[in-house]
Amino acid sequence: MTIGTSLAQLSGFTASEVLISNKSGQDLYIYDGNASTDDRRFIIGNSESMVLRGITNTNEVSAKTGASSGTVYFRSAYFSNLNQF
């Protein structure tokens with residue numbers, strides 16, 4: 001996904017966690033839920049990754065870069081606490 005300097009939601013997929021890999025060539029700023037202020041963000045350096053857990057959909061996560069557009073990869077996973085017999 002190409003991310004620019006404006007805050008953008010990740011594409012919406014049902015998920016309990018999302019792995020975000022920054023290949024943008026610059027810092028990537030991650031916002032969770034309704035937190036859109038800079039004092040409530042995560043910063044992922046170039047070529048670094050992080051996993052956010054405790055979400056229900058990837059569109060609960062937004063991202064932006066600091067200077068120009070860049071490529072960001074994400075992978076969602078869904079885990080249920082229902083017992084399988």
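Analyst: The model is a predicted one. Leaving aside neighbours within four places in sequence, Phe 13 is in contact with Thr 56, Asn 57, Thr 58, Phe 74 and Ser 76. Phe 13 itself lies in the loop between strand 2 (8–9) and strand 3 (17–23).

User: Why is Phe 13 called partly exposed?

Analyst: The relative accessibility of Phe 13 is 44%. Partly exposed covers values between the buried limit of 20% and the exposed limit of 50%, so Phe 13 counts as partly exposed.

User: Why does Ser 21 count as buried?

Analyst: Ser 21, found in strand 3, has a relative accessibility of 13%. Buried means under 20%; Ser 21 therefore counts as buried.

User: What makes the pairing of Ser 21 with Ser 49 a polar contact?

Analyst: The contact joins the two side chains at 3.5 Å. A polar contact requires N or O atoms within 3.5 Å, one able to donate a hydrogen and the other to accept it, and the Ser 21 and Ser 49 side chains make such a contact.

User: What makes Glu 17 and Arg 53 a salt bridge?

Analyst: Their closest N and O atoms are 2.8 Å apart, and the cut-off is 4 Å; the pair therefore qualifies as a salt bridge. Glu 17 is in strand 3 and Arg 53 in strand 6 (residues 49–53), 36 residues apart.

User: Why is Arg 53 described as exposed?

Analyst: Arg 53 has a relative accessible area of 62%. Exposed means over 50%, so Arg 53 is exposed. Glu 17, with 15%, is buried.

Methods
Residues numbered from 1 in each chain as written. Predicted model: local features only at pLDDT ≥ 70, side-chain atom pairs only at ≥ 80, totals over all residues. Heavy atoms only, no water. Helix = DSSP H or I, 4+ residues; strand = E, 2+ residues; numbered from the N terminus. Buried < 20%, exposed > 50% of the residue type's maximum accessible area, 1.4 Å probe, protein only. Contact = heavy atoms within 4.5 Å. Salt bridge = Lys/Arg side-chain N within 4 Å of Asp/Glu carboxyl O.
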